[in-house]
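Please look over the sequence and the model together before reading on. The paragraphs below move from the whole chain to single pairs of residues.

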Amino acid sequence: MIGFMPMLSKELRELGSSLKILYIPIVFTLLTIMQPVTLKMLPTLLKDASNLPEGTIIQIPDPSVIDVMGSLLPKFGSLGSIIIILIIMGEIAGERASGVMAMVFAKPISYVGYFAAKLIAGSLLVIVSLFAGMIISSYYTEIMFDKVDWLDAMLGTLLYVPYILMTVAITLCCSAFMKSQVGAGGVAFVLYLVLTMVPQYLGSFFRKVSPSHLVDTASNVIMGVADTHIVAPLVGTLVLCSVFIAAGMLLLRRQEV
Amino acid sequence: MSILECNKLAKTFGDVQSLKDVSFAIEGKGCIGFLGANGAGKTTTIRIITGLAKPTSGTVKVVGYDVMKDALHIRKEIGYCPQAPAFYNDMTAEQWMHWVGKIFKLGKKEIAARTEELLKLCGIWEARHRAIGGFSGGMKQRLGIAQALINRPKLLVLDEPVSALDPMGRYDVLKLIEKLKSDMTIFMSTHILDDVERVADHIVIIDKGSVLLSQPMDELKSSYKESMIHLTIEPTTVDLVSILQTEPVFKKIHHEGNSFTIECGDIGAANEKLPQLLVSHGIRFTNYRVAEANLEQIFMKVVQS
């Protein structure tokens, strides 16, 4: 981990100077808040958007707060992951292409220290943004619908963290071995789709340990569903995270700067 | 112990063999001019020396350590400025210097002192609070050299350090190299031979991926001491070329009208013989000048041979 601390301090400083720490939480908030706002406004939207004859009555039962809260993370899912891929894809490939990586690795900085600093800063950014989004969305859900169980909401969000960390790890790994950042983003997106969708067709074991199951599990925790099995998808997702982190470090070391 | 030792370095990119046989050793302080035409393999060699690229075969030792095995240790001992140095553009020059100082684990006071000293030395102290993204190519080159010096390296590796600079910038950087070379070994690649001739103490010539020559500058000049005589004569009917060709001391004769350039093996013998020949054949001359071979001529000779 030689050179880890200077690299991390540089990464954290850059989060501030690039304003990522400000606009990524806003983007995540917009993504998560869309669901409660849409559900609340649905009757009005339908009424305004369609040319129904006067006197038509649209009756949509008000969704429960549990349903609304349970839908926050699945709705965030793919779009949130695409945004994470877009944020992270240039972290290493971009530095290689610009030539700054040659300046960095001519100094006593290890590949592990460099990769770990990027991983921690990227993870911190998406975790802070996710919690900001979930806290603000839960708050507005409480205003628009009913009382929210904050403990369940935060525990469910915490359980979702390995899922977004996996997306960060996949993207950094691709960024470590691809020369172009667009290429890194493309490969990361394909890998993300494969890892989240394919296990559903591979039998019950793979379904249980798949990252997609973790999203359902996190939603169940938020909704306060008892008898939720969290260990298998949690372990499965963490194993995938570790594999991509290790592969990323190895590929970075093997690649020439 | 050699400060830098390359042993049979080879490097292949797909089907292209960039380096075939790069072997040389450098001892002691001073400036080493690493000369070669574009595409000769200078940058590839430098990238291997700094641990940024891996050789297909061969070894490199820097201050006694193998680059492949002890890359991190070696990086503490070297300073490197690439041909087109790149930085985190949102940082200021001062922030970059402080960041590099932290990588080398220097204390806060030392970082501040070195930053001031080096930015002043490289002529960009006034721009220390400006974001590097707004720097010109020349300013980036100067900052690249300044940051490469922060750890007081034993070996400073500069890849084409003056290529992006204007004449004033070139003058300043060469002056800086002259000043620094008494404290460290400077390994400088370039194809601007005049610059090397001014500052280098040792020359390594590379062509088509192979090192053709590695010699101290003074030895090189004396071993290629095929000095020349520039001669201008008054119009005459005598065939001077045929006369000179009979004497083995005159190796090559180029002439244009009444102006002659005569390459000589032994300048002493040639200086003795030529005036005698001119007088004996009644040839009067208007200009007679002896010139030593310069680095450009030596380079051309080495590469062409």
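The text that follows describes chain A as a whole, then one of its helices, a surface patch and several charged pairs.

This is a predicted model, in which local features need pLDDT of at least 70 and side-chain atom pairs count only at pLDDT 80 or more, while totals for chains, interfaces and linings use all residues. Residues are numbered from 1 along each chain as its sequence is written, chains are lettered from A and ligands numbered from 1 in the order in which they are written, and side-chain values use heavy atoms, with hydrogens and water left out.

Chain A contains 11 helices and 0 strands. Here helices (H or I, at least four residues) and strands (E, at least two) are DSSP runs, numbered from the N terminus. Along the principal axes, the C-alpha atoms of chain A occupy a box of roughly 75 × 40 × 35 Å. Of its 257 residues, 50% count as buried; buried means under 20% relative accessible area, exposed means over 50%, and partly exposed lies in between (1.4 Å probe, protein chains only). Among contacts in chain A with a separation of 6 or more, 81% join residues 24 or more positions apart, a contact being heavy atoms within 4.5 Å.

Helix H2 of chain A, residues 20-49, deserves a careful look. A straight helix of 30 residues would span 44 Å at 1.5 Å a residue, yet H2(A) spans only 35 Å between its end C-alpha atoms. The expected span is 1.5 Å times one less than the number of residues. A kink of about 60° is found at Leu42(A), shortly before the proline Pro43(A); the bend at a residue is the angle between axes fitted to the seven residues ending there and the seven starting there. The buried residues of H2(A) include Ile24(A), Phe28(A) and Leu31(A). Their cover includes helices H1 (4-17), H3 (65-88), H4 (90-98) and H6 (111-144) of chain A.

Members of the patch include Leu12(A), Leu19(A), Ile26(A) and Val128(A), and the whole patch has about 810 Å² of accessible area. Patches are made of residues with over 30% relative accessible area and no salt bridge: like charges are joined within 9 Å, and nonpolar side chains (Val, Leu, Ile, Met, Phe, Trp, Tyr) within 5 Å. Accessible areas come from the Shrake-Rupley method with a 1.4 Å probe, and for residues only the protein chains shown count as cover. Leu19(A) sits in the loop between H1 and H2 of chain A and is partly exposed, with a relative accessible area of 48%.

Charged pairs come next. The structure holds 18 salt bridges over all chains, each being a side-chain nitrogen of Lys or Arg within 4 Å of a carboxyl oxygen of Asp or Glu. Where does the pair of Lys11(B) and Glu256(A) meet? Their side chains meet in a salt bridge at 2.4 Å, N to O. This pair crosses between chains, from strand S1 (residues 4-13) of chain B to the segment after helix H11 (231-254) of chain A. Lys11(B) is buried at 5% relative accessible area, whereas Glu256(A) is partly exposed at 24%.

Within chain B, Glu116(B) and Lys120(B) form a salt bridge, with their closest N and O atoms 2.6 Å apart. These two residues are 4 residues apart in helix H4 (residues 108-121) of chain B, and therefore about one helical turn separates them.
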